[in-house]
Amino acid sequence: NGFEVTATFTDAVTGTLHRRDQLDMLLERASAFDAVIISSVDRLGRRNRVIYTVLDELMESGLEVHTTDTGLIDPENEMSMLTFGVRSLFAESEHRRLVQKMQHAKIAKVAGNPLTGKAGQPVTPLNRYGWKRGEIVPHERQWVIYMYQRLQTVGCMVVSRELRENGVLTRQGSVWTPTKIARLVRNPVYKGTFEYGHTARDGSPVKASCDVEAFVSVELWETANRHLRERNART
């Protein structure tokens with residue numbers, strides 16, 4: 001087509017976000033170019049609305065947009081836009097298929113395989129208070145146990161004050177508030193159960209679970225949570 005390629009912009013993420021570092025750089029420098037060539041429509045994004053948003057941004061910057069498989073995307077040409085629309089729908093369909101495939105793979109990893117004796121494991125190495133990259137942090141584990149034990153007789157407000165007096169901070173370096181303590185105590189991972197797919201916020205069901213090393217016994221976990229619920233009910 002007589003084009004001379006003078007610059008190449010490559011983003012490592014080819015999925016859902018229409019704002020990416022290299023794309024932003026291209027848009028900032030758009031006045032230096034006449035056209036942009038992409039390998040295919042799905043390189044603009046994986047979701048239909050994202051693809052159209054990126055296309056609009058490129059065209060509004062004054063660039064012609066070409067793909068190596070279909071040529072010029074011409075907003076004035078009905079067939080061109082129809083072809084673009086069909087390909088963008090295929091891109092979103094493929095994106096959804098990949099998301100489902102990844103979801104099934106994560107569920108399988110957590111659930112394990114009883115037939116082969118393969119134990120389940122967390123999707124990624126545990127990296128929350130008490131663990132770092134899958135390894136237990138002893139001094140953090142000590143304070144987790146302390147929280148559960150103290151909540152047998154006192155509330156989160158008292159535990160928060162005691163942790164502050166002992167100079168115990170969260171992994172991010174902030175103080176332990178009653179809300180943060182309650183959130184930690186409710187997490188079943190500390191009684192040895194990692195749950196995948198469940199969020200308390202939307203009440204979604206647990207898709208899979210597996211055993212991890214427990215910090216406290218099931219009895220201690222349940223007692224602390226029962227006392228927590230009873231105190232919340234009174235307030």
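**Notes on helix packing and cores**

1. Start with the α1–α2 pair: L23, L26 and L27 in α1 meet V54, E57 and L58 in α2, where contact means heavy atoms within 4.5 Å. By class there are five nonpolar, no polar and one charged residues in that contact (Ala, Val, Leu, Ile, Met, Phe, Trp, Tyr, Cys and Pro count as nonpolar, Asp, Glu, Lys and Arg as charged, the others, Gly among them, as polar).

2. Before going on, bear in mind that this is a predicted model, with local features needing pLDDT of at least 70 and side-chain atom pairs counting only at pLDDT 80 or more, while totals for chains, interfaces and linings use all residues. Residues are numbered from 1 along each chain as its sequence is written, and side-chain values use heavy atoms, leaving out hydrogens and water.

3. Of its 33 residues, Y129, Y148, I181, L184 and Y190 touch the most other members. A nonpolar core here is a set of buried (under 20% relative accessible area, 1.4 Å probe, protein chains only) Ala, Val, Leu, Ile, Met, Phe, Trp, Tyr and Cys residues joined through side-chain atoms within 4.5 Å. Among the elements that each supply at least two residues are α4 (138-150), α6 (178-186) and α7 (218-234).

4. Take a look at L184: leaving aside residues up to four places away in sequence, L184 touches Y129, V144, M147, Y148, W176 and Y190. There's also a second, separate core of 19 residues, including V41, I51, L63 and V65.

Notes
Helices (H or I, at least four residues) and strands (E, at least two) are DSSP runs, numbered from the N terminus. Buried means under 20% relative accessible area, exposed over 50%, partly exposed in between (1.4 Å probe, protein chains only).
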